Amino acid sequence: MGAENGCPWMALCWSDECCAAMANGHVTQAELSRSIGVDRSTVSQLLDPDALRLPNAQVAAECANVLGVSADWLLGLSDDASLLRPLLRHP
C-alpha cells in the first residue's frame, strides 16, 4: 500500500522517521538493507521522500527491530519511538 492508495502523509512520516532513526543509530542504507534482507535499492526507494512508498508489514517490522524503534512510530502512528516489547526474529 503506497501513497497512490491514499497515504501520502504516512509515506512521508516513514521516510522522515526512518532516516532519523538511521542517523541516530549511525546505520547506513546498505547496513539496513543487509540486516533486513532486502536489496539496497528497495531501502533507497522507501526512504526517497519524492517516491512516497510504504514498506510491507514484514519490512516495516524488520526495520523497526534493527533500528530499535516501534513500527508505529516509523509510520507516524505514534509519538513514542520506544519498543513496548522486543520483536521476535525468525531464523
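A nonpolar core is a set of buried Ala, Val, Leu, Ile, Met, Phe, Trp, Tyr and Cys residues joined through side-chain atoms within 4.5 Å. In this predicted model, the largest such core has 23 residues, and the members that touch the most other members are W14, C18, L32, L67 and L74. Helices α1, α2, α3, α4 and α5 (71-74) each supply at least two residues of this core. The greatest contribution is that of α1, which gives six residues. In soluble globular proteins, nonpolar side chains tend to be buried together.

C18, one of the residues with the most core contacts, has a relative accessible area of 1% and is therefore buried. Leaving aside residues up to four places away in sequence, C18 touches C13, L32, L47, L67 and L74. Among these partners, L32, L67 and L74 are also listed with C18 as the core members touching the most others.

M22 lies in helix α1. Its relative accessibility is 6%, so M22 counts as buried. When residues up to four places away in sequence are not counted, M22 is in contact with V27, T28, Q29, L32, L47 and L67. For M22 and L32, the separation is ten residues in sequence and 8.2 Å in space, taken from C-alpha to C-alpha.

The structure holds zero of them. C18 takes part in none, and the nearest cysteine sulfur, belonging to C63, is 4.9 Å away.

Most residues other than glycine have a negative phi. H26 is not a glycine, yet its phi is positive, at about 55°. H26 is found in the loop between α1 (8-25) and α2 (29-36). With a relative accessibility of 70%, H26 counts as exposed, because this value is over 50%. L52, also not a glycine, has a positive phi of about 50°. The position of L52 is in the loop between α3 (40-47) and α4 (57-67). At 23% relative accessibility, L52 counts as partly exposed, because the value falls between the limits of 20% and 50%.

Conventions
Residues numbered from 1 in each chain as written. Predicted model: local features only at pLDDT ≥ 70, side-chain atom pairs only at ≥ 80, totals over all residues. Heavy atoms only, no water. Helix = DSSP H or I, 4+ residues; strand = E, 2+ residues; numbered from the N terminus. Buried < 20%, exposed > 50% of the residue type's maximum accessible area, 1.4 Å probe, protein only. Contact = heavy atoms within 4.5 Å. Disulfide = S-S within 2.5 Å.
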